[in-house]
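The sequence and the coordinates should be kept in view while reading.

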Amino acid sequence: MTSTASAMRADLLDPATIAALGRIEVTARWVVDGFMTGLHRSPRKGFSVEFAEYRPYQPGDDLRYVDWKIAARSDRWVVKQFEEETNLRATVVLDVSRSMDWTGASARLTKRAYAERLTAALALLLLRQRDAVGLIRFDATVRSAVPPRARHGQWRRLMAALEEGGAGLASSAAPALNQAARLIQRRGLVVLVSDLLLDANEAMQSLRGLRAAGHDVAVLHIADPAELELEGAGEALFHDPESQLEVPASAADVRAAYQRTVEEVIEEWRSRCASIGAGYTLVRTDQPFGIPLRQAFAARQQLP
Amino acid sequence: MSFLAPLWLGLLVAAGVPLLLHLLRRRVGRRIEFPAARYLLRAEQENSRTLRLRNLLLMLLRVAIICALALAAARPLARLGGTGHAPTALAIVIDNSLSSGVVEQGRPLLTHMKELARAAVDAASPSDRLWLVTADLRVTGGSAAAIRAEIERITPLGGAGDPPAALARAAALVRGSGRPGGQVALLTDGQRSAWRTPPAIGDVPVVAWSPTNAPARNRAVTSVAARPIRWTPRGTVQARIRSADSTSWRLLVDGRVVARGSTAPDQEVSVRPVVTARGWVRGSLEIEPDELTGDDAGAFAAWIGSAPAVRVLAGAGAFAQSAVDALRAGGQVANGDATILGSAEEVTSLPALVTAPLNPVQLGAANRSLERLGIPWRFGAPAREESIAHGDGLDGATVSLHYPLLAQAGAAADTLATVGNTPWIVSGDRYVIVGSPLDPAATNLPLRAAFLPWLGRVIGERLGAEAGTVISGEPGALVTIPAGVDGLERPDGSRVAATAGSWRLPARPGVTFLTKSGKAVGALVANPQAAESELARWPSAQLAGALGARHVRTVSDAGALAALSFDAAAGRRSLVLPLLVVALLALVGEAVLTGGRVRRAA
């Protein structure tokens, strides 16, 4: 990455602009690097009684964990890290159905492209914290599943999985969420990244099951601005490529009613997620990656 | 309700477009890929009643907008009461003929007419169409200011003009405007002689004003002319003065008084003045000014010079010799060789009055002589049947022997008289040919009273070196200028180029000389018609009939004229503004209903 790009904080750039600069793997690194630069405290968490390793002290680290002996001997400040609770086990459940493969404007990323980059950035961020990260991609069925690992090479596996295809004619989140529950054997974090154009009841049931199993759940609702506002004018036949549903309407005439409906839907998701203790975040595809990343990271921070 | 531009009503068809779109909205449109279509369906289902009502309202508003704009474009008028009037058309006809210059009650009648016309123009609204038409058929259209300016410029014509044609022209303008309530306002002196034949004005309403008082007694020079046109060097001025009592007059030639006198009512004046001027002169006979000064003088033109020298050859016959002797005694001709009068075979030079030979044996010699003289005419075989001559004042003369005149190549001449269908007397450059000998055995022309003046005219005007033409008519009349003329010299001495063909006589009475290479060769004499001096008027009640209009109202004052000029359109209002307001309100309503789009545009 050039020095100029570094100075511009990739996590705050326009998603389409940053996506045009390189592959998912590369852009995810830039985003996470930029994101880390913006933090004022150490992202490292998980200090416990079982010592794992030393690492250099970083501003923001709790002074309780500074090894004062080493500091006295070698004049180097290091902090102790403990093995047992350092690693979180997180699984990103990514929707790659046909509805995700859409954008309302050619200048914007498709929902899927945005979600893949966001997923990659989130995974890298967690891996750098030595958290275990897994990935499940689904459309009508589970397309691929990468069990959560924190070891070296997991990043490559995740990237390879993100490169696979998708765009099935349905979004069936329940099997994917159930599989995620199976892959995480102890309490962990499940992040559902989807446009939520799926069977809400079925999905909520699975999410409720995850919560019942003690997992933390975060829902990142990926939405194109055109879906939120119904852009354009004139009479048209609106066709859902996934469900093949066709609705004739005049955008100008129904825009207000549509926007009210979308707000209702979002509120429904928000309240239903809140009712089971799951986090919900609406992510617009014209937002810089840093914004949803920060929201997701905030959820991570609240975990032990 | 009526419409000024009904063609725009065709736009009402466009009102069907929103209606069709509303009815067909579920069948037309593009296909757009939209994954969140389920939300759209839900929005429509949850708001179906509101959306249907809103769509219906939008459709009605859009139809209303188009209808209002289409109606506004058609410029509707409706009788809504109140004051003022709807946009209409008014053509003001001012009869500014010569008689309108008569002074009544201390000022010219035309001045009063102009005040009335201004009052009518003042009552017009900016959206009215206005024209001003004068008796010389001059039309001015435009704004009220332009019409007022033109009114100020109007002066009495030098002649009668054509008021009926002006009225017909004005009616055509009003009819052609298509404006409802259009009228013609006629301002005339109601002269009987001007309104003899009703013009064709159809259904166009006319508001007419004419004076109600009796016309002033008028004296006028109704005719004046020089007899003959060529004075050698003396001639006669014959004039007629119209007057109820004796009138004194004076005769001027080139601005100098050459005779004075007085005459009894309707008696002809005949003066034989002594004039020292030579060449073409302008003359006028004037009487004392009265209330109508435009007809107090009559103009004439004459050529004054020495008598042409004539020699009569033996072949011309004794009658021709006697006639020339008589002309010589009267001072119209003199002895000399300038002009020859003789039989064709003995004439050797031009100018000449050439007669046919009495003896047919001389026919060959006569034609050879014509050829030698360069005259492009030949005598044909003699015809001895009894025939009657026509033309050049010789109608009725019998001809028992004549040689039909045969034109040769290049013949360019005036045929003065014919026998049967063949030329009998022709005139060309410095020659006049008679197709018979001037002998009672061939024709009785030498025996007729018309012979002597005809011979004098031919010698003086056609064979004389200074022959010329006088063309008379009323001011502004169309006349034909003869070939050879290349310029005109106006009464004020200014000169303009001119060519042969149709020309309009000057608008003012007077004499304009025809010139050729700067030298006068004739004159145009403009004098008003005698009838224009008859100031007798139609009473108001009878004027309507004289105008021939179906809807004529006569008025007697300016206020009534101004009011009635627009009363056909009074009370009618233009609905353009209300319709535009309706369209605007509907647009606002449409914008409110489609508020999302407006906010997006903002």
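How many helices and how many strands are there in chain A? Chain A has eleven helices and ten strands. The model discussed here is predicted. Of the 304 residues of chain A, 42% count as buried. Among the contacts in chain A with a separation of 6 or more, 74% are between residues 24 or more positions apart.

**The sheet of chain A**

Six strands of chain A form an open sheet in the order S5-S4-S3-S6-S7-S10, and their pairing is mixed. Strand S5 (142-149) and strand S10 (279-284) of chain A are the edge strands, each pairing on one side only. On average, neighbouring strands of this sheet are turned by 15° against each other, direction ignored. Within the sheet, strand S4 (residues 132-138) of chain A runs antiparallel to S5(A), and five bridges join the two. A:Arg137 stands opposite A:Ser144 in S5(A). Helix H5 (residues 111-128) of chain A packs on the sheet, where it touches strand S3 (89-95), S4, strand S6 (189-194) and strand S7 (216-223) of chain A. The direction of helix H5 of chain A makes about 175° with that of S3(A).

**Where the two chains meet**

Contacts between the chains involve 31 residues of chain A and 27 residues of chain B. On the side of chain A that touches chain B, strand S8 (235-239), strand S9 (246-250) and helix H10 (251-275) of chain A each supply at least two residues. H10(A) gives the most to this side, with ten residues. By class, the side of chain A that touches chain B has 18 nonpolar, six polar and seven charged residues.

Strands of a sheet pair through backbone hydrogen bonds, either parallel or antiparallel. One such pairing joins the chains: S8(A) and strand S2 (residues 30-33) of chain B pair in the parallel sense over four bridges. In this pairing, A:Leu237 stands opposite B:Arg31 in S2(B).

Two packed helices are described by the angle between their axes and the distance between the axes. The axes of H10(A) and helix H2 (residues 37-46) of chain B come within 8 Å and cross at roughly 110°. H10(A) is therefore roughly perpendicular to H2(B). Their crossing is right-handed. From H10(A), the residues A:Val254, A:Ala257, A:Tyr258, A:Thr261, A:Val262 and A:Val265 meet B:Tyr39, B:Leu40, B:Arg42, B:Ala43, B:Glu44 and B:Glu46 in H2(B). The residues of this contact divide into eight nonpolar, one polar and three charged.

**A sheet of chain B**

In chain B, five strands form an open sheet in the order S30-S36-S35-S32-S33, with mixed pairing. Strand S30 (469-473) and strand S33 (495-497) of chain B stand at the edges; each has a single partner strand, so one side of each is left without a neighbour in the sheet. Neighbouring strands of this sheet are turned by 25° against each other on average, direction ignored. Strand S32 (residues 487-489) of chain B and S33(B) pair in the antiparallel sense over three bridges. Here B:Leu488 has B:Val496 in S33(B) as its bridge partner.

**A buried aspartate**

Is B:Asp95 buried or exposed? B:Asp95 is buried, because 30 other C-beta atoms lie within 10 Å. B:Asp95 lies in the loop between strand S4 (89-94) and strand S5 (103-104) of chain B. Not counting residues up to four places away in sequence, B:Asp95 touches B:Ser100, B:Ala135, B:Pro163, B:Leu187, B:Thr188, B:Asp189 and B:Ala194. B:Asp95 and B:Leu167 are 72 residues apart in sequence, yet 9.1 Å apart in space, C-alpha to C-alpha.

**Backbone features in loops of chain B**

Most residues other than glycine have a negative phi, and most peptide bonds are trans. The table lists some exceptions.

| Residue or bond | Backbone value | Loop of chain B |
|---|---|---|
| B:Arg227 to B:Pro228 | cis, omega near -15° | B:Pro228 between strand S11 (220-227) and strand S12 (230-231) |
| B:Leu350 to B:Pro351 | cis, omega about 0° | B:Pro351 between strand S21 (339-343) and strand S22 (352-355) |

B:Gln105 is exposed, with 9 other C-beta atoms within 10 Å, whereas B:Leu137 is partly exposed, with 15.

Methods:
Residues numbered from 1 in each chain as written. Chains lettered and ligands numbered in written order. Predicted model: local features only at pLDDT ≥ 70, side-chain atom pairs only at ≥ 80, totals over all residues. Contact = placed C-beta atoms within 7 Å. Nonpolar A, V, L, I, M, F, W, Y, C, P; charged D, E, K, R; others polar. Pairing = 2+ DSSP bridges. Buried ≥ 20, exposed ≤ 12 C-beta atoms within 10 Å, placed from the backbone. Axes fitted to C-alpha atoms, helices over the stretch in contact; angles between N-to-C directions. Parallel < 35°, antiparallel > 145°, perpendicular 65-115°, else oblique. Left-handed = near helix turned anticlockwise from the far one by under 90°.
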